[in-house]
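Here is a short briefing for anyone about to look at this model from a computational angle. It goes topic by topic, with the cut-offs given along the way.

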Amino acid sequence: MTELKAIIFDVDGTLADTERDGHRLAFNRAFTDAGLDWHWDVETYGRLLEVTGGKERIRHFVEQLGPGFDAPADIESFIHKLHQSKTRHYLLLLMSGAIPLRPGVERLIHEARAAGLKLAIATTTTPENVASLLKAKLGEDSLTWFDVIAAGDIVPLKKPAPDVYHYALQRLGLKAAECLAIEDSEHGLAAATGAGIKTIITVNDYTQLQDFTGAAIVLDHLGEPDASFKVLAGDVREATLVDLPLLHSISGETQH
Ligand code: XBP
Ligand code: MG
């Protein structure tokens, strides 16, 4: 029986509900600063989340605008600068404390560390965003708690491609069967399972209606002692929150 040795966390939508009131606002503030009359409302942004990666999302939006937008000659430089501005706005939002960690995230991280499990991040978002979220929510030292932070352009293909999870496994020096992934979206599920990693899904407003076929379990959140999770799919035995016994059980080691 393979032993569980690491938990690999997605970031956006999983560690914290960052998209609607974080990234989306940052994009809109960058558009305003650039003198663009673009505004991504909640519904529009939900559709644009189909494209992972902020630069890729802007590029997709520009392509959708077609001739309606007089694109600058150096469109890639335009997108890059716009995304850098967006990241600056996003980091300010994170530092304002505006976005809390989701239920159970801090608890599970501490439990895993205490049990000697390795921790990793596998995300599409920009590395600075990860560092800033971890420091803001878990303190300056928290960056050292993660053996691997695989983020953004570190891999050529973003989720749903499995590249970022393959990279994380390679840097962890572990096999897929020795790890569990925690994700929030069908793109994230495809990426993690594409790398052979059993995956737990915690849905959010943007992803709750997506197809999570292939997930080990689907929950509304990781749960807390005073706030049981709601099981949307899968068998959690008698568990009311995601703890190490449940993770070991899901990874196939022992009955929970
Ligand atoms: C979610 C993404 C990211 C964010 C925006 O990443 O697709 O692109 O929406 O961040 P994940 P950037 O769920 O894999 O954490 O603008 O920095 O890309
Ligand atoms: Mg996500």
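Helices α4 and α6 are roughly parallel to each other, a label given to angles under 35 degrees, with over 145 counting as roughly antiparallel, 65 to 115 as roughly perpendicular and the rest as oblique. This is a predicted model, in which local features need pLDDT of at least 70, side-chain atom pairs count only at pLDDT 80 or more, and totals for chains, interfaces and linings use all residues. Residues are numbered from 1 along each chain as its sequence is written, chains are lettered from A and ligands numbered from 1 in the order in which they are written, and side-chain values use heavy atoms, with hydrogens and water left out.

**The α4 and α6 pair**

- The axes of α4 (residues 75-95) and α6 (residues 127-138) cross at roughly 10 degrees and come within 9 Å; axes are lines fitted to C-alpha atoms, for helices over the stretch in contact, and angles run from 0 to 180 degrees between N-to-C directions.
- Helices here are DSSP runs (H or I, at least four residues), as are strands (E, at least two), numbered from the N terminus.
- On the α4 side the contact uses K86, T87, Y90, L91, L94 and M95, and on the α6 side E128, N129, S132, L133 and A136; contact means heavy atoms within 4.5 Å.
- Sorted by class, this contact has 6 nonpolar, 3 polar and 2 charged residues (Ala, Val, Leu, Ile, Met, Phe, Trp, Tyr, Cys and Pro count as nonpolar, Asp, Glu, Lys and Arg as charged, and the others, Gly among them, as polar).

**Salt bridges**

- Side chains of opposite charge can pair when their charged atoms come close.
- The model has 13 salt bridges, each being a side-chain nitrogen of Lys or Arg within 4 Å of a carboxyl oxygen of Asp or Glu.
- K5 and E178 form one of them, at 2.8 Å from N to O.
- K5 sits in the segment before β1 (6-9) and E178 in the loop between α7 (163-172) and β4 (179-183), so their pairing ties together parts that are 173 residues apart in sequence.
- K5 is partly exposed at 32% relative accessibility, whereas E178 is buried at 7%; buried means under 20% relative accessible area, exposed over 50%, and partly exposed in between (1.4 Å probe, protein chains only).
- E178 also meets K175 in a salt bridge, at 3.8 Å from N to O, and K175 is exposed at 53%.
- R107 pairs with E111, their closest N and O atoms being 3.1 Å apart.
- Because R107 and E111 are 4 residues apart in helix α5 (residues 105-114), about one helical turn separates them.
- R107 is buried at 14% relative accessibility, and E111 is partly exposed at 26%.
- K55, E56, D153 and K158 belong to one network, joined by salt bridges that share partners.

**R29 in helix α1**

- R29 belongs to helix α1 and is partly exposed at 38% relative accessibility.
- Leaving aside residues up to four places away in sequence, R29 touches H89 and L93.
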